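Thanks for making time this morning. I would like to walk you through one model, starting with a single element and then stepping back to the chain and its partner.

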Amino acid sequence: MKEQLYQYLLLLGDNAMILGHRLSELCGHGPSLETDIALTNMSLDLFGQVRNYFQYAAEVKGEMVLDAEKEITEDSIAFTRYPHEYRNTLLVEQPNKDFAFVIARQFFFDAYHLPLLEALMNSKDEQIAAIAHKSIKEVKYHLRFSSEWVKRLGDGTDESHSRMQAAVDYLYPYIGELVQETPIEKEMKELGIGADLSAVRSVFYETVKTVLQEATLNTPQFFGFHDGGKKGVHSEHHGHILSTLQYMQRTYPNMKW
Amino acid sequence: MNTIAKYPEIEALLEKVTDPEIPVLSIMDMGVVRAIEKEGDALLIKITPTYSGCPAMDTIAMDIKTALDQAGYTTKVKLILAPAWTTDWITPRGRARLEEYGIAAPLEALADKQALLDGAKVVPCTRCKSTNTKMISQFGSTACKALFQCEECLEPFDYFKCLK
């Protein structure tokens, strides 16, 4: 049970960490000062959330590993795992292209994140429920920001509309994985710890449909989806993220500043 | 149970610890101190973050430890998440200090939504008190603030976002 709980915390935390990292890459590169600050603020929120998940994960894992040489900390979880041990979805590791792309990726994730946290607020695991109660207040602002921008760009000029539509078309095949139930998620749901993804799914697709409609964008007709991230099978982009993210801890283990 | 009021001498010391981003606001006024537990000279202070990723929390924890250790205690600081912090935890005195400092204090939830979404003119300028203000950015200089500008006196100012 402990191992499954640990894996579930990775599922929750890794999405926040990898997306937070993608957003942090935009620091100083946003299209305007205000959007730059907004994206890095959201990055900071996500990193805060992942710290909460990983601090708890370190506690859970620490009880299983008795070897004092291998101390488990939030940092060891974040920085010393191998690619196949990360459980984030393929959506969040997609690289930043133009602003429309960044917004589309953020919107899809936020639209899923909010109902997920709503469900996790009722988790039987007190710590997960507490993290969800804390995070949801921040994620409401994220969804507000990203859906406003989807509408502004979609219902904007011909140029912004076509770029927004291109971003939605490109990323849409990745969103199915967000609400795809893996065996760990199924087990956690049955224990009353995890979220019921079928309930999350209906709210998620409803939000996507409503916002895209309002933004005068077409909802792609796509029935399959790319998956693998939750099982540790990632795209090429993931390795590049880790090489940046882990460089310091791999080169100088346990370094601090 | 309110474990804070039990130890006025500790409370007085904590009054002197301020938010590094908003130096006029003590951590007591901000409402991040959740419990004080005391056994002899050993203290356990429980604090809660305003935002999950608030980078000030580590500094605040260190400042608490320094302030109390200097007064002769052995202090431990623990971060707790529940019940989650909301802007309602800011004391009336804290709100007044925010305003004096030039940061508009959080409105109630409904007005906040209007201010950030409808563009309704409800956030008064901290300088001239005019409500003829506009939002520049939903996200400001720190995670907890949005950026506004007064249309009357043109002063740009921070608004402390309502968090509920």
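**A helix, its chain and a neighbour**

Let me begin with helix α1 of chain A, residues 2-24, which has 23 residues and reaches 32 Å from its first C-alpha to its last, close to the 33 Å expected at 1.5 Å a residue. Please keep in mind throughout that this is a predicted model. Although the span of α1(A) is close to the expected one, the helix does bend, by about 30°, at Gly13(A).

Of the 257 residues in chain A, 48% are buried.

What about the overall dimensions? The C-alpha atoms of chain A fill a box of roughly 60 × 40 × 30 Å along the principal axes. A compact globule with 257 residues would have a radius of gyration near 18 Å, and chain A, at 18 Å, agrees with that. If we take the contacts in chain A between residues at least 6 apart in sequence, 75% of them join residues at least 24 apart.

Finally, the partner: 20 residues of chain A are in contact with 16 residues of chain B. On the side of chain A that touches chain B, α2 (33-62) and α6 (126-154) of chain A each supply at least two residues, and by class that side has eight nonpolar, six polar and six charged residues.

How values were computed: Residues numbered from 1 in each chain as written. Chains lettered and ligands numbered in written order. Predicted model: local features only at pLDDT ≥ 70, side-chain atom pairs only at ≥ 80, totals over all residues. Helix = DSSP H or I, 4+ residues; strand = E, 2+ residues; numbered from the N terminus. Expected span 1.5 Å × (residues − 1). Bend = angle between axes of the 7 residues up to and from the residue. Rg over C-alpha atoms; globule rule 2.2 N^0.38 Å. Buried ≥ 20, exposed ≤ 12 C-beta atoms within 10 Å, placed from the backbone. Contact = placed C-beta atoms within 7 Å. Nonpolar A, V, L, I, M, F, W, Y, C, P; charged D, E, K, R; others polar.
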